[in-house]
Amino acid sequence: MSDDNEIKVGTNRTGIALARERTEAMIGDTEDLLTDQPADLSAGDKARVEFCASAEPLGSVAPPTCFKGLAKTSSLQSAGCRPRLFMDKLGERLAFEKSGTRLYEALLVKHDALGSFPGGPTREELEEILEEEAEHYRMLQSAIESLAGDPTALTPSADLAGVAARGLFAVLTDPRTSLLQCLETILVAEMTDNDGWETLVELSELAGERALRETFMQARADEADHLQRVRGWIAVGQGRTVRRVVRELPPMPAAPVSRTARIAASRARSTRKKTTKKKAARR
Amino acid sequence: MTLDLWSEKGVPLERQSFDWRELVEAPYSKLDDDAFTRVRVLMLGALEAGSARFQGMCGCMNAAYQRELAAVRRVEHHQRTLLANLCPADQSPLETAIGFAQASIEVIASMAIAEPDVELQNVYRSALLENLDQLYRSAALYDRLEGKDPNTLIQSYTDILQGRASAGVHRAPHEDLHAPYDRATASPASKLHASIAAGLAEQKRDFLLSTSATFGDPLARQLFAELSSIDEQQAIGFASLADPRETWLEKWLLHEACEVYGYFSAASSETNARLRTWWEKFTDFELGQFHLVKELFERVENRDAAEVIAHVLPEPIRFESHRSYVRQILRDEPENHTTSAYRRRMNEQGSPSETIAAGYVWTPGGELQRPRPRSETVGRI
């Protein structure tokens, strides 16, 4: 086991406390410029607003891979789902799970190099999470293909998730970081992942894709477990207890009703009302 | 379709200006634009960087032209700035490196096919195999480090295949030098190709060098170190193709002609209408700069600029897949025989290109599509 989790006191030179004389020399001649008035950033904000207003979108989702896909898109829209958003988010999750797999591989390398800490993850526990991440992306691939999507296409949200994750890889692969620091970084990924799966559960419900929804709910449960475990390891590593509980999963909603069944039910209600009125009129 | 350098006057230098807003154009889309848009942007940036390097040295050695150099350099620097800002923020350094590798393959393949000098063609063919391998190694890093599919950038235009193994191409410096073309007899295409190839190799080298520190992963840094060293070898090699008897003004004229050729080629096939407008505008800018330098050359050296470069440019560079040609070279090109002492020394503690890409085979969707190794072996030494 290593004591790399202990933050050491050393020659950190970034603050002014270690450079009082130089700092006073810096301020000295400019003292009359110092003010306690808030900084006015409005000019920069205005310029950025103009850039945003004229910017083109990052990109688009790829079209369905076959005619069946066009029909599927139409039926998803009829069900109240936004098919392009659904495909975008499926692509995002797929990209994230693949990145997550590589992140956990990097974490395993870190574990092998540095060892764990008391109460920290065992190699087997990290392997288990890694295998589940891999299973998730395989499942997402099938999901995308079942909706006539192209799982090799990079969706806009997948692209942005990749941008956001760049810092995660930099931390996990830096030989100078400790196992605890890497776990704290992976926490960011796990929190994002949890919300991502929640999103897919709800979108698949809107789309009336029951089988997908159930699969996504299982993945959501897996990720909730990952999050809880990572939080627990971090808390132990930092010498504290986990006060927060993992957010209670919402109760499983009733099985979604198909559009055909809803129309039939509506007609049945309408017929019952007419029958009731006629009977009342005869009396 | 070609362009007549003598009759097309372009825009005079004094009308070539920008404001800061114009220097930060909306970038191309990493998702929606064709991969060759990225290839054109990177190639044109390389040409501008090559010109900037040359003009800097020229100014150091020629006080008589410093005023003209300063004026042209300023505009070229701003052109280069605009080009650099066309790369989108969601394109990481590693993704740009992959873009550079693709550009180095397809642009050099186009030039190799069009190159009339067999000796020069052989140099390009050999470099092609090195660049193919660079793409393969960079792709393996991207896939294995981040779990991403490099083909989302390549768009299936260029093979992701092992070329001439990077670990085996490290040469002693003198082995990078080639016999130059003869400035009096070389075709315009030969002169332009040599300049473009040198510019691309230098820019790729500098890019890998300057972005390697953005990686936390030391193996990624090592790979970039190895690949940029190979690019330095190519930069030396391509630069040696130019006739060293060319005067400073001759070389300056060729640089300007090369930039006209680059932008004209880009405009000929660009699919992004907004960027095509810029390529056409910059073709006119470069024509204006060419004519300024031509006038200077003819006045100072009392020679006809037609001795340096023909009136009519060659056919544009073809920004398209050269898969069949590259595969044919891969099959038929003989091994390079070089001294091994230098290579042994560099590979003494292993080769990062071999380590990173061991057993890598590109698969649609990325390597994670393949059956996974057992987790207990991941990371185990």
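Which residues does Ala186(B) touch, not counting residues up to four places away in sequence?

View 1. Ala186(B) touches Tyr181(B) and Lys191(B), where residues up to four places away in sequence are not counted and contact means heavy atoms within 4.5 Å. Ala186(B) lies in the loop that runs between α5 (151-154) and α6 (188-211) of chain B, helices being DSSP runs of H or I with at least four residues, numbered from the N terminus. Although 123 residues separate Ala186(B) from Ile309(B) in sequence, their C-alpha atoms are 9.5 Å apart in space.

**View 2. The interface of chain A and chain B.** Here 35 residues of chain A are in contact with 32 residues of chain B. The area buried between the two chains (accessible area, 1.4 Å probe, lost on putting them together and summed over both) is about 2,900 Å², and carbon and sulfur atoms give 50% of it. In chain A, the residues that lose the most area to chain B are Lys98(A), Arg102(A) and Arg166(A), together 21% of what that side buries.

Residues are numbered from 1 along each chain as its sequence is written, while chains are lettered from A and ligands numbered from 1 in the order in which they are written. In this predicted model local features need pLDDT of at least 70, side-chain atom pairs count only at pLDDT 80 or more, and totals for chains, interfaces and linings use all residues, while side-chain values use heavy atoms, with hydrogens and water left out.

Key. Helices (H or I, at least four residues) and strands (E, at least two) are DSSP runs, numbered from the N terminus.
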